[in-house]
Structure formats: structure tokens, C-alpha cells
Amino acid sequence: MSIDSVFVHKMWDDNELSKMVQGGIPFPMLSDAGGRVGRVFGVFDEDAGVETRGRFIIDPEGVVQGYEILTPPVGRNVLESIRQVQAFQLVRNSKGKEATPSGWKPGKTTLKPGPELVGKVWEVWKTEMAFD
Amino acid sequence: MPEDMEVGCARPTGGPVGESVESQPLKEPASIREVTAMIQVGKKVPDFVAPAYQQGRFISVKLSEYLGKWVLLCFYPGDFTFV
């Protein structure tokens with residue numbers, strides 16, 4: 001979503017993005033003239049008149065599970081966004097019985113919070129696991 | 001799910017949906033801060049409608065139509081910008 005009109009979105013997709021992504025952008029490119037939606041989400045920059053790089057993860061119930069907002073010159077890490085969605089999906093599928101520690105990615109150990117884990121995280125989770 | 005939109009000479013626009021958001025006077029900075037404070041992790045996302053372009057179609061997208069799915073909503077400064 002940006003302040004550009006849907007017509008500019010089409011031109012950008014036709015003339016540039018479709019050369020980066022085969023078949024063009026598959027998902028809806030939303031238009032937010034005047035920043036009315038961006039303002040509600042806290043990402044509209046009133047001085048510059050544009051949206052900043054806000055990214056919101058919204059679960060199937062419509063609950064915001066996470067967000068990140070960057071200033072314009074630094075791009076996002078798409079894989080990190082996907083990793084976070086995968087982590088939230090795992091937690092949801094476990095009905096909250098499992099949690100994903102720092103550095104978690106699919107296939108890695110999760111934590112099962114409970115009385116027997118108190119003070120014992122050091123036994124099942126090592127600091128290096130945050131970085132591998 | 002999204003419906004096709006009539007495309008005329010006017011630039012289509014959307015906006016927030018629902019009483020609480022619509023009734024906020026958006027011009028005063030103080031109330032803007034109030035509105036932006038609405039986004040909190042673990043809390044419901046405010047609904048909105050917005051015109052969109054998708055694969056050759058101009059459509060109208062309402063966020064609440066995506067209930068039941070995971071949504072990644074991304075804002076960015078502008079088309080044809082570089083990052």
C-alpha cells in the first residue's frame with residue numbers, strides 16, 4: 001500500500017515489477033490517497049506526505065501479531081517476515097503450548113513453557129542457537 | 001473475493017472502515033496520535049477499504065474480507081522509488 005493511484009500501480013507493475021517477478025505482482029497493490037489508512041496505522045509521514053515502510057502481520061482472527069516500521073532508505077528482510085509468520089503459525093497450531101525461542105526457524109527446537117521449564121531453559125536452549 | 005471497480009476519471013480512494021475510526025477528526029495532530037496508538041500487538045487491526053490493482057484488474061479490497069487468512073500488510077513510500 002502506498003499513496004500512489006491504482007493507475008500508477010499498474011504502470012509500475014507493467015513496466016518494472018513484471019521484469020523482476022514473472023507475471024507481475026500476484027497480490028493486490030493497494031492505493032491510499034492522502035494517507036488516510038496509513039495515518040491510522042501510524043506509518044504516514046505528515047512532513048514527506050508518504051508512507052514509511054510499515055509491515056504488519058495479521059492473524060486469521062484479525063489480530064495484529066507483529067509489526068515493523070522502517071524509514072524509507074532501508075529495505076525489508078522478506079525472509080524474516082516469512083519466518084515470523086511461520087513462528088506465529090506454529091504457536092497458533094500448538095494452541096499456545098509451544099513458543100519459539102530467539103533464532104528459531106522451521107525445524108528447530110521450540111520451548112514448551114510450564115513449571116518444569118522454569119530455570120531449565122539453559123539445558124534445552126544454547127546461546128549459539130540464536131545465531132545458527 | 002474482491003469485486004471489480006468502475007474506473008472513471010476520478011482517482012479512486014478508500015479509507016478506514018467503522019465508526020470509531022471514521023469519527024476521529026484526523027486534522028489535529030493530537031488526535032492523530034490518538035489514532036496511531038490504536039495499533040498494538042495482540043489487539044484487533046482497524047478495518048479499511050482501499051482501491052487496488054491486481055493482475056490486470058482494478059478492485060476494491062476490504063481488509064476484513066481476509067479474516068481466516070494470514071495477512072502481511074506492507075506500506076512503502078512510493079511506486080518507482082528505488083528500495
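Which strand does β4(A) pair with, in what sense, and over how many bridges? The legends below take up this question within a predicted model, in which local features need pLDDT of at least 70, side-chain atom pairs count only at pLDDT 80 or more, and totals for chains, interfaces and linings use all residues. Residues are numbered from 1 along each chain as its sequence is written, while chains are lettered from A and ligands numbered from 1 in the order in which they are written.

**View 1. The contact between chains A and B.** The contact takes 52 residues from chain A and 47 residues from chain B, where two residues are in contact if their C-beta atoms, placed from the backbone, lie within 7 Å. On the side of chain A that touches chain B, the largest share, 7 residues, comes from α1(A); helices (H or I, at least four residues) and strands (E, at least two) are DSSP runs, numbered from the N terminus.

**View 2. The pairing of β4(A) with β5(B).** These two strands pair in the antiparallel sense over 4 bridges, and two strands count as paired if DSSP finds at least two bridges between them. Within this view, F56(A) stands opposite L73(B) in β5(B).

**View 3. The open sheet.** The order of its 3 strands is β5(A)-β4(A)-β5(B), with antiparallel pairing. Because β5 of chain A and β5 (71-74) of chain B stand at the edges, each with a single partner strand, one side of each is left without a neighbour in the sheet.

**View 4. β1(A) beside β3(B).** Strand β1(A) pairs with β3 (residues 48-54) of chain B in the antiparallel sense over 2 bridges, and L30(A) has A52(B) as its bridge partner in β3(B).
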